[in-house]
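User: I want to check the labels on this model one by one. For each, give me the value and the rule behind it.

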Amino acid sequence: MLYGIFGYPIGHSLSPLMHNTAFAHHGIEAVYLPFAVDPPHLEMAVKAIVALQLGGVNVTIPHKQAVLAWMDELSPEARLIGAVNTIHLQDGRLHGYNTDGIGFLRAIEEAGNDVAGRTVMLLGAGGAARAIAVQLCLSGIRRLLLANRTSTRAEELAAFLKQNISHADISVVAMEASSLAAHLPDTDIVVNATSIGMHAHDPMLLPSTVVSSQHLVCDIVYRPLHTPLLRAAQGQGARTVDGLGMLLHQGAKAFEIWTGQAFPSALIRTRLLEAVVEQPATSAPPQQE
Ligand code: NAP
């Protein structure tokens, strides 16, 4: 059986490493390949999943939104997020899922944290932030504080969440150090879902001195693994969760959808750590799954 990932460009993806390791671990006769799908060819590529009877594919930048048009069924998360990162061919029909938010949630639960009843400060309003925001609102958080450099994007996301997830309590806060600092005493969990932290000279998003041991600080950037935000938070006694967990668990959920089998998570994390160390941030192309 053939599986793969559609993106453009795609050479940097860690998904082939994860899924081929998992297939080998379970003795499943399958191979997972990266496909560089030029946007004008996306429709043909999606139809080829049916024509060639692929088991399933992951979808990444820039195709996550566009593939929605050709799905026969959508999971509730994919519908709300407005993006698909996992396609499963079942009985000739294309089922679209989004496992990014679930992957994030599993990563922080795996580290012994619970989001129910918590106040979460989410930095960012791009594709990853939207997936995380939807999942958090579906998972019983008390309050979501949204901050983004372009405040109109945060406001649009907040309006969408309020309209579509009735119980969500959401506020937009300014992405300025003083404003973020003022809200931190009432915050339990801080999540960086911007691309800040990938580059050596990136600014600090929030003053590290206002983070304390009451906080869980999560970064979804995984190159570098120990981002300046996470290092500063650890220095203040905060608990932290790095971005590798989200990468691993979004893949785990996709693998479960396709095969019904569990991802060998410990083995995959070891392989991912080796790959991330081999390709540090300075030499790696932009990360994305
Ligand atoms: P995206 O849709 O392009 O969104 C980028 C976000 O970063 C936006 O909120 C943007 O703000 C913000 N941003 C970019 N440059 C900034 C700057 N100089 N100052 C302040 N904010 C800035 O990207 P995405 O898909 O959401 O991905 C975001 C990050 O998460 C990337 O680093 C990506 O590699 C990582 N990621 C990790 C995983 C994982 O599995 N761990 C999964 C997906 C993504 P504006 O709206 O103002 O531009």
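User: Between which two strands is the loop where Pro 62 is found?

Analyst: Pro 62 is found in the loop between β3 (56-59) and β4 (73-74). Strands are DSSP runs of E with at least two residues, helices are runs of H or I with at least four, and numbering starts at the N terminus. This is a predicted model, where local features need pLDDT of at least 70, side-chain atom pairs count only at pLDDT 80 or more, and totals for chains, interfaces and linings use all residues. Residues are numbered from 1 along each chain as its sequence is written, and side-chain values use heavy atoms, leaving out hydrogens and water.

User: What is the omega of the peptide bond from Ile 61 to Pro 62?

Analyst: Omega is near 5 degrees, and the bond from Ile 61 to Pro 62 is cis. The peptide bond from Arg 223 to Pro 224 is cis as well, with omega near 5 degrees. Pro 224 is found in the loop between β11 (216-219) and α8 (228-235).

User: Which phi value does Gln 53 have?

Analyst: Phi of Gln 53 is positive, about 55 degrees, although the residue is not a glycine. Gln 53 is placed in the loop between α2 (42-51) and β3. Asp 91, also not a glycine, has a positive phi near 50 degrees. Asp 91 belongs to the loop between β5 (86-90) and β6 (93-97).

User: Why is Asp 91 called exposed?

Analyst: Its relative accessibility is 79%, so Asp 91 counts as exposed. The rule: buried is under 20% relative accessible area, exposed is over 50%, and partly exposed is in between (1.4 Å probe, protein chains only).

User: Why does Lys 253 count as partly exposed?

Analyst: Lys 253 has 24% relative accessibility, so it counts as partly exposed. Lys 253 is found in helix α9 (residues 244-259). It touches Thr 99, Ile 102 and Arg 106, not counting residues up to four places away in sequence. Contact means heavy atoms within 4.5 Å. Lys 253 and Phe 263 are 10 residues apart in sequence, and their C-alpha atoms are 8.1 Å apart.

User: And Gly 56: why is it called buried?

Analyst: The relative accessible area of Gly 56 is 0%, so it is buried. Gly 56 is placed in strand β3. Not counting residues up to four places away in sequence, it touches Leu 2, Tyr 3, Gly 4, Ile 87, His 88 and Trp 258. Gly 56 and Tyr 3 are 53 residues apart in sequence but 5.2 Å apart in space, C-alpha to C-alpha.

User: What puts the buried residues of α6 on the same side?

Analyst: The buried residues are Ala 154, Leu 157, Ala 158 and Leu 161. They cover an arc of only 100 degrees around the axis, so they sit on the same side of α6. The arc is that of the directions from the helix axis to the C-beta atoms. Exposed Glu 156 and Gln 163 are on the face turned away from the buried side. The cover over the buried residues includes α5, β8 (143-147) and β9 (170-172).

User: At what angle do α4 and α5 pack, and how far apart are their axes?

Analyst: α4 (residues 100-110) and α5 (residues 127-138) pack at about 65 degrees, with axes 7 Å apart. Axes are lines fitted to C-alpha atoms over the stretch in contact, and angles run from 0 to 180 degrees between N-to-C directions.

User: Which residues of α4 and α5 meet?

Analyst: Asp 100, Gly 101, Ile 102, Phe 104 and Leu 105 in α4 meet Ala 131, Ile 132, Gln 135 and Leu 136 in α5. By class, the contact has six nonpolar, two polar and one charged residues.

User: Why is Gln 135 called buried?

Analyst: Gln 135 has 8% relative accessibility, so it counts as buried. Leaving aside neighbours within four places in sequence, Gln 135 is in contact with Glu 77, Gly 101, Ile 102 and Leu 105. The buried residues of α5 also include Ala 129, Val 134 and Cys 137.

How values were computed: Nonpolar A, V, L, I, M, F, W, Y, C, P; charged D, E, K, R; others polar.
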